[in-house]
Amino acid sequence: MGIQLNGIGVSKGIALGKAHILHRDDIEVVKEELPAHKVNAEVQRYQRAIRDAKHQLQSIGDSIPETAPTEVGEFIATHLLMLEDAMFSEAPVRIIREQACNAEWALRQQLDSIIRVFESMEDDYLKTRVDDINHIAQLILRTLTKNNNPLIQTPPEIDHWQGDIIIADDLSPADTVLLQHMGIAGFVTESGGQLSHTAILARSLGIPAIVGVHQARRYVADGERLIIDGELGLTLGQATRQETGHFLKKQRRFLSKRRKLKLLIETPCITACGEPINLQANIDSENDIDAMHQTGLSGVGLYRTEFLYLNREDVPDEETHYTVYRQLIRKLAGAPLTIRTVDLGADKLNKHLAPDLIAHHNPALGLRGIRYCLHNPRLIIPQLRAILRAACHGPVQILLPMITHVSEVHELKNLIESVKSELKGENIAFKEDVRLGGMIEVPSAALTVQHLAAHLDFLSIGTNDLIQYTLAVDRTDDTVDYLFDPLSPAVLTLIKRTIDTGKKYNIPVSMCGEMAGNPRYTRLLLGLGLRAFSTPPRASLEIKKVILDTSLEDLEFLTQAILEEGSSTARTVLINSLNNLSE
Ligand code: PEP
Ligand code: MG
């Protein structure tokens with residue numbers, strides 16, 4: 001039997017090919033003390049390496065075809081900017097001078113201190129940015145030692161790796177772009193996670209990829225035939241004929257589905273029976289707007305603004321907010337933008353801005369989201385001012401997270417009124433009637449949604465928290481993950497109640513939790529009456545495909561049966577039937 005390795009599948013697709021092990025040994029760095037007269041020459045050697053590294057990146061950037069998703073070029077551009085940043089262009093030079101040491105040692109000292117800073121950060125996304133720092137440092141180091149990256153030494157037009165599966169310790173975005181030029185079939189890396197840039201890039205480029213396969217290079221032999229499944233995170237060696245047949249079939253299905261999905265980008269999102277469905281994007285930053293445009297989504301249903309607050313020691317000021325919102329509005333070119341006010345607390349913490357949140361035993365039940373903002377208006381006032389100002393330039397609406405009681409809506413409305421009077425007093429232009437919506441993500445909000453609907457302009461169901469709070473299952477705790485059930489009758493009842501109440505009060509109800517981005521639940525949600533979905537852009541075409549294939553009148557019977565069914569096994573059978581209804 002051949003090897004079977006498990007890792008994190010980060011980019012769907014099946015690849016069958018020959019393993020090509022990429023050995024790029026760690027460059028050992030030792031300290032050399034230099035006589036004073038050699039220090040200037042060493043500084044010049046370092047600066048030359050920076051210039052050469054820049055040229056390498058620029059030529060990779062230039063080689064990206066126009067048809068590639070925009071973020072591919074952005075990754076390379078970001079690395080170029082980092083290379084030019086003082087952390088690489090100046091700090092090591094200072095260390096060379098201060099310690100009269102070799103450039104490699106200075107770079108290593110600087111790298112260690114940057115990594116220490118990053119590792120002390122709380123935000124997972126930013127923590128993974130340490131990969132970028134490492135990639136840049138490795139690039140400079142290899143340039144310095146002339147131990148060049150074998151990928152960069154290999155001209156991309158040479159196709160001797162075509163169809164191979166690359167097994168590497170790690171790949172930088174630049175490596176990934178080069179490998180794609182070489183026509184590789186997929187890759188497996190020993191390090192990396194879902195959020196690493198290499199993973200994101202693999203998804204954008206459509207390369208099947210698995211990361212986090214520890215010691216993969218020890219277990220796989222160079223030249224060995226491999227199969228990788230980028231969905232399951234599975235690497236298989238010496239597959240039997242039967243296994244190979246199975247994966248070839250899966251590959252054919254996957255490729256044909258992807259081709260068909262791409263054809264849907266421009267297709268209007270309308271059910272088979274003619275009902276228009278609003279399909280919007282969840283975004284975390286400006287970069288996601290490009291992905292949104294590339295999948296044909298009609299606007300932003302949820303902009304999580306937490307990123308503006310995380311990993312900084314001061315509250316972002318009004319201008320910081322305003323500049324970001326203006327830029328988003330510009331990029332959206334008339335498409336609507338739903339800005340959620342900051343949702344700090346629970347798993348989204350910032351110990352500098354919110355030290356009082358850290359000590360609590362039960363942060364998910366503590367001062368979170370709107371509660372924290374109402375306790376600390378200094379956190380939200382600059383944000384509200386900026387939103388009201390930015391709203392003069394495009395269709396913007398405000399969404400409030402973690403509402404548990406209508407009194408919070410009233411308090412927030414009062415705050416908005418006082419912000420408006422301030423702006424008026426200061427003669428600053430703003431939009432008077434910005435629509436205000438509330439997240440339904442706590443059972444009390446769903447159970448009393450009629451009170452909220454009477455005072456809000458729209459509702460958005462946050463199933464990630466709604467499931468967590470309804471079922472008392474911590475969304476971040478793997479040990480209770482099996483209890484995190486979107487099909488629970490308790491959850492479905494609250495969703496239905498919210499949708500029905502929205503209809504009654506004639507206000508739009510959307511869903512922005514992960515459930516909205518999972519095609520398994522699309523028909524059920526349509527059956528429950530949902531007509532607006534906000535999903536991560538990468539999920540949207542699959543959702544659209546289900547919507548296009550669905551006739552609403554067919555859903556009623558099975559939707560009702562699922563709502564009333566107590567047994568989870570029976571519910572699974574029912575939802576499978578719902579999803580398999582003839583098209
Ligand atoms: C949710 O809870 O479903 C949601 C969309 O908000 P977040 O995941 O940011 O808490
Ligand atoms: Mg939430």
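These legends describe close-up views of one predicted model.

**View 1**
The magnesium ion (ligand 2) is coordinated by Glu441 through OE and by Asp465 through OD. The distances run from 2.0 to 2.2 Å. This pair links distant parts of the chain, 24 residues apart. Glu441 sits in the loop between strand 13 (435-440) and helix 19 (443-447). Asp465 belongs to helix 21 (residues 463-471). Both Glu441 and Asp465 are buried.

In general, strands of a sheet pair through backbone hydrogen bonds, either parallel or antiparallel.

**View 1. Strand 3 and its two partners.**
Strand 3 (residues 14-22) pairs with strand 4 (residues 165-168) in the parallel sense, over 4 bridges. Ala19 stands opposite Ile165 in strand 4. Leu22 stands opposite Ala168 in strand 4. The pairing of strand 3 with strand 7 is antiparallel and has 5 bridges. Here Leu16 has Ile227 of strand 7 as its bridge partner. How far is strand 3 enclosed by the rest of the structure? Strand 3 is largely enclosed, because 7 of its 9 residues are buried.

**View 2. Helix 9, a mostly covered helix.**
Helix 9 (residues 173-181) has 7 of its 9 residues buried. The buried residues are Pro173, Ala174, Asp175, Thr176, Val177, Leu178 and Leu179. Just after helix 9 comes Gly183, with a positive phi of about 80°.

The largest nonpolar core holds 91 residues. Tyr303, Leu337, Ile495, Leu525 and Phe533 touch the most other members of this core. A second, separate core has 60 residues, including Ala103, Val130, Leu144 and Ala209.

**View 3. The surroundings of Leu337.**
Which residues does Leu337 contact, leaving aside its neighbours within four places in sequence? They are Val300, Tyr303, Leu328, Ile329, Leu332, Pro395, Val396 and Gln397.

How many disulfides does the count give? The count comes to 0 disulfides. For Cys512, the closest cysteine sulfur is in Cys373. The two sulfurs are 16 Å apart, which is too far for a bond because a disulfide needs sulfur atoms within 2.5 Å. Cys512 counts as buried, at 2% relative accessibility. Cys101 is also buried, with a relative accessible area of 0%.

Most residues other than glycine have a negative phi. Gln215 is not a glycine, yet has a positive phi of about 55°. Gln215 lies in the loop between strand 6 (209-211) and helix 11 (216-219). Is Gln215 exposed, partly exposed or buried? Gln215 is partly exposed, with a relative accessible area of 39%. Ala333 is not a glycine either, and its phi is positive, at about 45°. Ala333 is found in the loop between helix 14 (318-332) and strand 11 (337-340). Ala333 is exposed, with a relative accessible area of 67%.

Ser551 lies in the loop between helix 24 (537-548) and helix 25 (556-564). Ser551 counts as buried because its relative accessibility is 18%, and buried means under 20%. Leaving aside neighbours within four places in sequence, Ser551 is in contact with Ala272 and Cys273. Ser407 is in helix 18 (residues 406-425). At 31% relative accessibility, Ser407 counts as partly exposed. Ser407 and Pro336 are 71 residues apart in sequence. In space, 27 Å separate Ser407 and Pro336, C-alpha to C-alpha.

Notes:
Residues numbered from 1 in each chain as written. Chains lettered and ligands numbered in written order. Predicted model: local features only at pLDDT ≥ 70, side-chain atom pairs only at ≥ 80, totals over all residues. Heavy atoms only, no water. Donors = N, O, S within 2.8 Å, 3.2 Å for Na, K, Ca; no water. Helix = DSSP H or I, 4+ residues; strand = E, 2+ residues; numbered from the N terminus. Buried < 20%, exposed > 50% of the residue type's maximum accessible area, 1.4 Å probe, protein only. Core = buried A, V, L, I, M, F, W, Y, C linked by side-chain atoms within 4.5 Å. Contact = heavy atoms within 4.5 Å. Pairing = 2+ DSSP bridges.
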